[in-house]
Amino acid sequence: MNSKDQNQRFYAHTGLTESGEDWQLLVDHVLSVGRGAEQRGLAIDSYRGNREPRFDRQTRIAGWLHDIGKYRQGFVDYLLKRPVSKDQTYHKQAGAAKAQALDYSAVSFAIAGHHGGIPSLPDLVGGIRGTAGQVVVNEVWDIASSENIELNKITTNPTPSNSKLDIEFASRLILSCLVDADWEDTSNFQRLVNGLLPEPNPPLLAPGDMLDKLLRFIEIRSKDCKSDSLRKTRNEILSSSLEEAKGPIGVYSMTVPTGGGKTLSALAFALRHAELQTPTFRRIIYVAPYLSIIDQNTKVIRAALELDQHDPTLFEHHSLSEPFEGESSADDKSLMSAVRRAENWDAPIVVTTNVQFFESMFSN
């Protein structure tokens, strides 16, 4: 790569050559991440109707801005493995600074957190005011906005929020969309460079087909029940669950004693409820407090839906599940696939613990 090329081109990721011919251009990366984050934001909006703020707008902007700090010769030198000061590798602070200047506070927190987690407010402010923040924005904005003309379309946030809770939760949703889109684009580029096939798309929730399998499983299982009264009670619980599933989106409770078949009846409720919603729900998350309960119910769910141990339709995420179990014997490809699924929970059925579930929503 000659000096002229370095001065004219900016890159997100390196390839296998030293010439730069198979390197990923920074503009291609940020546009791709913007599209991917926007698609995820639209999925959030589809369940919220026309309410503001629009997450497709915020996630798209997050994708466009998250790497603008890489529009520096120092970052190109870093990719070329030349000696550079550490602050030349910092890039998230610039995007966070620009988002904050445009009144996109939640976006600012998310960009600042896309490497290492969402910072505290003092740390965010410190990063924005530091040498990698607004100073870099002033330095790179002209070149960044000339390469990516979409940046010129960003206007001040028309609906800024002053609610700390709104900003806290929105930041985490935007962070999730941004990190998943960033991970996906980076992974796709690396797989392309290394001649690997694209990562297969995750399976989709098919509530109608799954419910048919579940009801057949319940019918066969009920024939083995020797107690007529217990069989009748379980059938009543199942019928009630299927009927209640026709209700509106909301919070439902089920009070059933041990042995009443609540695992299967609750799953039937979830599948029927998902099937009847517009748009159709994409995911069922089963949350339980104890690993012993999770292990028992996961086996039942797999049997009911005819899923083997390795079927990606169901993903277990807890301390005894992959990618933690058997790390020493698992190959790198399987481990990376498991790590990715743990990061984005893109399986249609996720089984996890209370702690893991709440951390997925409220941790930094």
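## Basis of the Report

A residue counts as buried under 20% relative accessible area, as exposed over 50%, and as partly exposed in between, with a 1.4 Å probe and protein chains only. By this definition Lys81 is exposed, because its relative accessible area is 76%.

The structure is a predicted model, in which local features need pLDDT of at least 70 and side-chain atom pairs count only at pLDDT 80 or more, while totals for chains, interfaces and linings use all residues. Residues are numbered from 1 along each chain as its sequence is written, and side-chain values use heavy atoms, with hydrogens and water left out.

## Overall Composition

The protein has 15 helices and five strands. These elements are DSSP runs numbered from the N terminus, with at least four residues (H or I) for a helix and at least two (E) for a strand. Along the principal axes, the C-alpha atoms fill a box of roughly 80 × 50 × 30 Å.

Of the 364 residues in the protein, 44% are buried. The protein exposes about 19,800 Å², and carbon and sulfur atoms supply 53% of that area; accessible areas come from the Shrake-Rupley method with a 1.4 Å probe, and for residues only the protein chains shown count as cover. Among contacts (heavy atoms within 4.5 Å) with a separation of 6 or more, residues 24 or more positions apart account for 71%.

## The Three-Stranded Sheet

Three strands form an open sheet in the order E3-E5-E4, with parallel pairing. Two strands pair if DSSP finds at least two bridges between them. Strand E3 (284-288) and strand E4 (314-317) stand at the edges with a single partner strand each, so one side of each has no neighbour in the sheet. On average, neighbouring strands of this sheet are turned by 15 degrees against each other, direction ignored.

E4 and E5 run parallel and are joined by four bridges. Phe315 stands opposite Val350 in E5. Helix H13 packs on the sheet and touches E3, E4 and E5, its direction making about 170 degrees with that of E4. Such angles run from 0 to 180 degrees between N-to-C directions, and axes are lines fitted to C-alpha atoms, for helices over the stretch in contact.

## Packing of H10 and H13

Helix H10 (residues 207-222) packs against helix H13 (residues 291-304) at an angle of about 105 degrees, with the axes 8 Å apart. H10 is therefore roughly perpendicular to H13; angles of 65 to 115 degrees carry that description, those under 35 count as roughly parallel, those over 145 as roughly antiparallel, and the rest as oblique.

H10 contributes Lys213, Leu214, Phe217 and Arg221 to the contact, and H13 contributes Val300, Ala303 and Ala304. By class, the contact has five nonpolar, no polar and two charged residues. Ala, Val, Leu, Ile, Met, Phe, Trp, Tyr, Cys and Pro count as nonpolar, Asp, Glu, Lys and Arg as charged, and the others, Gly among them, as polar.

## Loop Residues

Lys81 lies in the loop between helix H4 (73-79) and helix H5 (92-101), and its phi is near 65 degrees, a positive value in a residue other than glycine. Trp345, in the loop between helix H14 (332-344) and strand E5 (349-353), has a positive phi of about 50 degrees although it is not a glycine. Trp345 counts as buried, at 10% relative accessibility.

Asn201 belongs to the loop between helix H9 (164-193) and H10 and counts as exposed, at 71% relative accessibility. Asn201 and Asp346 are 145 residues apart in sequence and 9.2 Å apart in space, C-alpha to C-alpha.
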